[in-house]
Amino acid sequence: MSAVFSCVTPRSAVCAHLDPHDRFSPALRVTGKRAGLVFPLLIQGSSGLFFCFISISPQLCGVVGLEIHAQIHSNSKLFSSSRVTFYSPPNSSVAFLDASLPGTLPVLNKRCVEAAVITGLAFNCTINRKSLFDRKHYFYADMPAGYQITQQRLPIAVNGLLNYSYLGGKKRGQVMSRRVRIKQIQLEQDSGKSLHDEQNSQTLIDLNRAGVGLMELVMEADMSCGDEAAAAVRELQLILQALDTCQGNMSEGQLRVDANVSVHRPGEPLGVRTEVKNINSARFVARAIDYEIQRQIKVLESGGTVVNETRAFDNKSGTTVSMRDKEGLQDYRFMPEPNLPPLFVYEGVASVPAGVDPAQVVLIDRLEAELPELPGVRRARLVEQYRILPEHSFTLVNEDGLVDYFERVIQNAKAEPRKVIGWVMQELLSNLHQQGLKNLHVHQWPMTLSAVFQEMWKTPEKTVRQLVKELDLGLVSDQEQLLKICQRVVDTHPEQVKAGNKKVLNKLMGAVQKETKGRADPVQVKALLEKMTS
Amino acid sequence: MLGTTIREVSLALREGRLSATELCKKCLKRIKKTHYLNSFITVTEELAMKQAQEAEHRLLRGKPHGPLDGVPFSVKDNFCTENIETTCASHMLKGYCPPFNATVVQKLLDQGAVLVGKTNLDEFAMGSGSTDSVFGPARNPWSYTSSYREQSPEQDPDSDWVITGGSSGGSAAAVASLSSFMALGSDTGGSTRNPGSLCGVVALKPTYGLLSRHGLIPLVNSMDVPGIITRSVQDAATVLGVLQGRDEKDSTTVQFPNLATSLPEDFDIRDICVGIPKEYHAPGLSAETLTQWGRVASMFERAGAKVREVSLPHTQHSIVCYHVLCCAEVASNMARFDGLEYGHRSAVESSTEALYATTRHEGFNHVVRTRILSGNYFLLKQNYDRYFVKAQQIRRLIAEDFRRVFQSGVDVLLTPTTLSDAARYSDFIQEDNRTRSAQEDIFTQPVNMAGTRHPHRSEIPTYSTVQNLETAHIYFTSCQRWKNLNTCSLCFRRCFHSLSTVFLAKQRL
């Protein structure tokens, strides 16, 4: 048999002549090559030989919706004045409100509201002129008030759309365009962090993150597989970064993805869904979702039922596991937040009511006017302006700072864009990736590189190697010289050396590249600096 | 000197007839002498003397901060006071010293007023007798007047005394017993007005949003208001003037334009229309209270005011809805007391859940636990629409009742504060807290329910209330404009010519 469909649930097939209760003996197997067709079949039933028509439903497929928590890029928290920091000692950025001291009251941060409105506008959402805050109750050690302030009844933005594309098709060389509806964007508080110390059976609480502003973006279940979801997340991340409303670093938890996954046969009601939490990279989004879809299909195919539950993705094993103990079905006992009046945002100065200071309110038209070029528009422009391939525009936009780099090279070298893009795509990126370098270092090079391109343009007969030699642009190959330069940089940056983290190393590398006009081998420099500072 | 008003004592201080330290010492002495009233939880003697000395320096240099400089005051123990224990009369917060001052406390301190202590209350302000405090009940100073003792000569003063009312009973008793010239209370369903009336002092519940709640440990956020207790209407107006105003730490406060906090010198009572809500002839209203109510109404009439019957049809349902909303917010507000960040922490640490459960069981009294339980029940998904939403709808109708009456030309409403006179403690505790609260708050909580929750609306109904006393038969007026309220209260005072506090001052406490 080339393909075997197992009949899983009573509603998965319609049998014309059999008693519905009698149709499915466990041994029943329906054979066919394509789904969705009506086959004449011979079925061996208990009462003899029947000739009947059976409708084969389409194959089970995944349905994926996402809930994304994006930490708002702001100086202070959503309702208090404490700083938003990532690397700071535990409980060093905690206002009285964040620790829920009795008698404290929330005061809404205007920047956070603006960030949510900007984000809503970028996704073509309807911005609610009036939105409300609610309390969502649950006891958890890193939620000191016993409730989270969120926007359950009337969120700040609704009914948006995210257009995204990914490379799919047979060889993953085809740009697939998709869209997902954004149901709503709501403002809410982040929780603190719990650190479970199993050995001493205690839990340590860090409230630095407690009360940081979040935008929860709820995406409708318009996706069907991990690739789509991952691409949607990646696009969202790029947009948020372009807007600067969220820094979007998933490993630092600035962007957190929960996926609602279910499977069904197209045309039938949605299946029971599970929620997959704990996904902290776009790659894991794809893996977690695809694993979960396959798991659910297997469960159904073996005659089981999918349980409505919360599951955690374990990135080591690549599987999802049930989080039975704590995140079960809860009654959150929602209640209006009585300490915050309704949040009003206004179309423009003209719509601000008398007695309200326009400087104190959020004006939509002003924010709309300041929206930056979004990734989608940027890609279209690159394709249009430089006549490059659409998939190349994706790569350029996806890598932080690469578009600027690309455009500067073209501008300085007056080179043919399609030649430059070929070099960027193949040489530059593969080298960067091979050496595990962040694109941040790229900015050291365009001038040098454009000089080479310019010369190539003038004297096409000369090789790059020749040009580099002639222009003295080659790598600093003298070990002694490089060592000296590195030592000098280390000596002149005592403060940074003392702090000694990864960020500092990048800074020092930058200084070395400056000294050598970008002609030092980054890998070598990194090794040298690491040795000197450790 | 202790029995005078803020106005009088402030004048004496500024004219040098009285020193601030001397006054402070007298108040502290009075507190000690009347310790059996149990009106104070914490007496801040050292700090008070220091503050009094500073005030004295300013007064001597002729540069006082304002009318309250050097004037002793006390604060209900549910307002946060920096580095001073703030207990809410609960085991849960015993030993808790907040790191900040409530805005209203800070404003009084900034004016040079001298904090003498923190006063007793029902645990977390849940009660109407000041009888459910972890520190024991507060006693009404009037229980120790000769007139009261003569009524029941056979009784022992330690077992036969009347309650202060609540939940701000300690604050009311402190002002009535002349331990301080003013006190802060809080009013959610009548908690300032009720003890104010039973202790015979002026109690003002300002309009919601007029005074900052920052630092007031909440009972019901959407109804809580800091209350002002003084011995004269003029004083209440002065304190209101100091405390009112928008606070950036409380988003529900609003700036009220044209708020007049000084009393008009000449007013014509004939311009005033007094409304008598017929629904307030409630079951259980005592004959004495009814008589007094009628007396005051006819007094206004004789003085030339228009007096007419009005209807507030939905207010009769108010107490039930109040109970639902109160419990719901209590359940939410009390969720933070888990023993992790502050307050009592149970020794049971077998799991986080066990720690929560035992901490909360040990920390809260029966009343608080009961309200948390009911509140969580009302907020359950399956019950929310049937209880919380319904109560909110009725709440809107109640607000509408008040709005309509005031729009019809009524300036003030005249109603009793409580059904009857202050009860004897032994009688009062025959019923549980829930029953007593339902009885005691019946007349007072409708204005809390009607208090606006949306300060951005342009027309803001102002429901301020003031009590007055004629030997423990009390009336409150509720009105649209503060000026009218002041005017009527003052008029009421002048007509009766008897300052209860003067009377009380003559008694041997």
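**Figure 1. Strand E6 of chain A and its two antiparallel partners in the predicted model.** Strand E16 (residues 255-264) of chain A runs antiparallel to E6(A), and 10 bridges join the two. Helices (H or I, at least four residues) and strands (E, at least two) are DSSP runs, numbered from the N terminus; two strands are taken as paired if DSSP finds at least two bridges between them. E6(A), residues 61-71, also pairs in the antiparallel sense with strand E15 (residues 213-223) of chain A, over 7 bridges. A:Leu66 takes part on both sides: A:Ala259 stands opposite A:Leu66 in E16(A), and A:Met219 stands opposite A:Leu66 in E15(A). A:Gln71 has A:Leu214 as its bridge partner in E15(A). Of the 11 residues of E6(A), 10 are buried, and the strand is thus mostly covered; buried means under 20% relative accessible area, exposed over 50%, and partly exposed in between (1.4 Å probe, protein chains only). In a regular strand the side chains alternate between the two faces of the sheet.

As a predicted model, the structure is treated with confidence limits: local features need pLDDT of at least 70, side-chain atom pairs count only at pLDDT 80 or more, and totals for chains, interfaces and linings use all residues. Residues are numbered from 1 along each chain as its sequence is written, chains are lettered from A and ligands numbered from 1 in the order in which they are written, and side-chain values use heavy atoms, with hydrogens and water left out.

**Figure 2. The nine-stranded sheet of chain A.** The sheet that contains E6(A) is open and has 9 strands with mixed pairing, in the order E7-E11-E12-E15-E6-E16-E17-E18-E19. Its edges are strand E7 (126-127) and strand E19 (319-322) of chain A; each has a single partner strand, so one side of each is left without a neighbour in the sheet.

**Figure 3. The three-stranded sheet of chain A.** Antiparallel pairing links the 3 strands of a second open sheet, ordered E10-E9-E20. Strand E10 (147-150) and strand E20 (335-336) of chain A each have a single partner strand, so one side of each edge strand lacks a neighbour in the sheet. Strand E9 (residues 134-137) of chain A runs antiparallel to E10(A), with 4 bridges between them. A:Asp134 has A:Thr150 as its bridge partner in E10(A).

**Figure 4. Surroundings of A:Gln151.** A:Gln151 belongs to the loop between E10 and strand E11 (157-168) of chain A. With a relative accessibility of 0%, A:Gln151 counts as buried. Its side chain reaches two backbone nitrogens, that of A:Ile156 at 3.1 Å and that of A:Leu187, also at 3.1 Å. These are polar contacts, each a pair of N or O atoms within 3.5 Å; within protein, one atom must be able to donate a hydrogen and the other to accept it, and residues adjacent in sequence count only if both atoms are side-chain atoms. Residues that A:Gln151 touches, not counting those up to four places away in sequence, include A:Ser131, A:Phe133, A:Asp134, A:Gln184 and A:Leu343; a contact requires heavy atoms within 4.5 Å.

Figure 5. The buried residues of helix H1 (residues 6-14) of chain B are B:Ile6, B:Val9, B:Ser10, B:Ala12 and B:Leu13. These residues lie on the same side of H1(B), because they cover an arc of only 160 degrees around the axis, the arc being that of the directions from the helix axis to the C-beta atoms. They pack against helix H2 (20-33), helix H3 (45-60), strand E4 (182-187), strand E6 (225-230) and helix H8 (233-243) of chain B. Just after H1(B), B:Gly16 adopts a positive phi of about 80 degrees.

**Figure 6. Cysteines of chain B.** The whole structure holds 0 disulfides over all chains, a disulfide being a pair of cysteine sulfur atoms within 2.5 Å. B:Cys80 is in no disulfide, and the nearest cysteine sulfur, that of B:Cys88, is 7.7 Å away. B:Cys80 counts as buried, at 0% relative accessibility, as does B:Cys273, at 4%.

**Figure 7. Confidence across the model.** Chain A has an average pLDDT of 82, and 81% of its residues score at least 70; pLDDT is the predictor's confidence in each residue, from 0 to 100. In chain B the mean pLDDT is 85, with 86% of residues at 70 or more. Residues 453-481 of chain B stay under 50 in pLDDT. For the complex, the predictor gives an ipTM of 0.92 and a pTM of 0.83.
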